[in-house]
Amino acid sequence: MIVADRKSLEEIMDMIKPYNKILIVGCKGCVTVCNVGGAKEVGVLAAALKIGRKKDGNPIEIDEKTIERQCDPEYIEQLRDIYDRYDAVLSMACGVGPQFLSEAYPSQKFFPAVNTKFFGGAVQHGIWEERCAGCGTCIIHYYDGLCPIARCSKSLQHGPCGGSANGKCEISKDVECIWDTIVKKKMEQGRLEDLRQIRAAKDWQTARDGGPRKSIREELVQ
Amino acid sequence: MSNNGYKSGSNLEKVLKAGHFAFTGECGPPKGANVEHLKEKFEHLRGKVDSVNVTDNQTAVVRMSSAAASAIMVANGIEPNFQMVCRDRNRLAMMADILGVYSLGVRNMLCLSGDHQKFGNHPQSKNVYDIDSMQLIAMVKKMRDEGKFLNEEEIDEPPRMFIGAAANPFADPYEFRIYRLANKIDAGADFIQTQCIYNMPRFRDFMKQAVDMGLTEKAYILAGVTPMKSARMAQYMAKMVPGMDVPEELIKRLQDAGKGKQAEEGIKFAIEQIEEFKEMEGVAGVHLMAIEWEHKVPEIAERAGVLPRPQVN
Ligand code: SF4
Ligand code: SF4
């Protein structure tokens, strides 16, 4: 899923400073799963903003609404009747949400309440880690299902680099060296020879480097 | 092409091919456009080494480009070993720079992935890592031996580089280090310069593996030496520099030398190392990285008995 963090209260307060009536829209997708932008978080943010604004002597009116997904026009339609009742709308979805909202309702102002971070998963309660960089051509079968593109700090296809020590990446003792894991897994399985191959330079055209991407499923297009 | 059977015809290649024990130095370009400062640094190395590595935004700190500094060296009659890291450029910029420096007279290059920008003075920067060091080695070889760019297009006048790569026998997992070296040699490295060595038993073991695997027949391995200036530097390197293996005994030896004598002890250790490398099977030379201590190189070279440097025509 897409993992995000909520922006700081100060930053959000600053963004919506000129407005007195706002709507906060949550998303029941990824950001609900990573406890950032679901109905509960929308409520928490609304309360915090009201308290903050009251303290500043500039009270604010806030409505809350959480929809199924903000990355789908079908659900975004659910705001059709209410979107223009507000000075501004804060989206608690990943970056796709406020953009889909902006496109659907061009006359309204939309602000992101979260920082969209990466594709990852929960490795333990409350901790999410990056697992994929969406490069568009998956090659993890060469590396026993572990991704050096997203998980090596230098996206090396022939690691580990000279900075790997005690299973940690050179950039920080808090970062795992995925190459250390890849090599150890190969060693355990007696398949170190797999890593004696030299791989061609990656074609990044399927990644963001090829420009904004599109995925078309002909059978579904009407 | 008439290069008398040489791949590049660089001085370093000639010295190694003739079977001499090579001795290379290093020079970090200045953090500014001060050409005089650069010249002052490399002048200490004139005649004392076979080629001088020119670092490329070393430790991710911005400096005069290694391409420009290398060209200045060429113009001043000193042979550079142009370093290139994968962190700062994509394949287009890399190939362009390779052609550029070659046209300015550079004949050796060292292919590196580069330290992550997190260490440097612009941790906010976006890195590139379009290709990795292995792919860079293969790319330079392709340009030289096939006369082609990475996209298979023909190069009019290919750059004929003596291709170098780095090896760190001390990073983890240790068992894999020799494989990575073998891969770099397969990819096309003609010579290897190792990370600075302090743990001699481990390096002996690494070299034995390299000899057993026949790697030393295929590429020249230069052992990395950096003289310690003090016990504090040793402690710092042990703790802070990733992939560096500094044994306790060495730190203790420097401490025991006492105040004011630690630098001399560090140099003594470096000289003992060089003496041992001269005899070690598979070691083709020494790469002396006297970081910001270029003025000590002549003395170290003299005392290690590697002077005068051979002249190969
Ligand atoms: S190889 Fe690409 S698609 Fe596959 S996991 Fe890594 S980044 Fe994602
Ligand atoms: S230490 Fe490991 S994860 Fe970090 S850059 Fe090097 S190979 Fe990649």
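Predicted model: local features only at pLDDT ≥ 70, side-chain atom pairs only at ≥ 80, totals over all residues.
Residues are numbered from 1 along each chain as its sequence is written, chains are lettered from A and ligands numbered from 1 in the order in which they are written, and side-chain values use heavy atoms, with hydrogens and water left out.

Let us begin with chain A, which is divided into domain 1 (2–117) and domain 2 (133–208); such bounds come from an automatic or database domain assignment. The centres of domain 1 and domain 2 of chain A, taken over C-alpha atoms, are separated by 37 Å.

Now look for V42(A), which you will find in helix α3 (residues 39–55) of chain A. Helices (H or I, at least four residues) and strands (E, at least two) are DSSP runs, numbered from the N terminus. V42(A) counts as buried because its relative accessibility is 0%. Here buried means under 20% relative accessible area, exposed means over 50%, and partly exposed is in between (1.4 Å probe, protein chains only). If we leave out residues up to four places away in sequence, V42(A) touches I24(A), V25(A), G26(A), G37(A), E64(A), K65(A), T66(A) and M92(A), where contact means heavy atoms within 4.5 Å. From C-alpha to C-alpha, V42(A) and R85(A) are 18 Å apart in space, and 43 residues apart in sequence.

Next come the ligands. Around ligand 1 you can find R131(A), C132(A), A133(A), G134(A), C135(A), C138(A), I139(A), I140(A) and C147(A); a residue is near a molecule or strand if one of its heavy atoms lies within 4 Å of it. This shell around ligand 1 divides into seven nonpolar residues, one polar and one charged. In this scheme Ala, Val, Leu, Ile, Met, Phe, Trp, Tyr, Cys and Pro count as nonpolar, Asp, Glu, Lys and Arg as charged, and the others, Gly among them, as polar.

Ligand 2 has a shell that includes C152(A), C161(A), C169(A) and C177(A). The residues around ligand 2 divide into eight nonpolar, two polar and two charged.

Some residues deserve a look for their backbone. D144(A) is not a glycine, yet its phi is positive, about 55°. Y129(B) belongs to the loop between β4 (108–112) and α5 (133–146) of chain B, and Y129(B) is buried, at a relative accessible area of 2%.

Chain B also holds cis peptide bonds. One runs from D172(B) to P173(B), with omega near -15°, and P173(B) lies in the loop between β5 (162–167) and α6 (174–187) of chain B. Another goes from L307(B) to P308(B), with omega near -5°, and P308(B) is in the segment after α12 (297–303) of chain B.

Our last stop is G211(A), in the segment after α7 (178–188) of chain A. G211(A) counts as buried because its relative accessibility is 18%.
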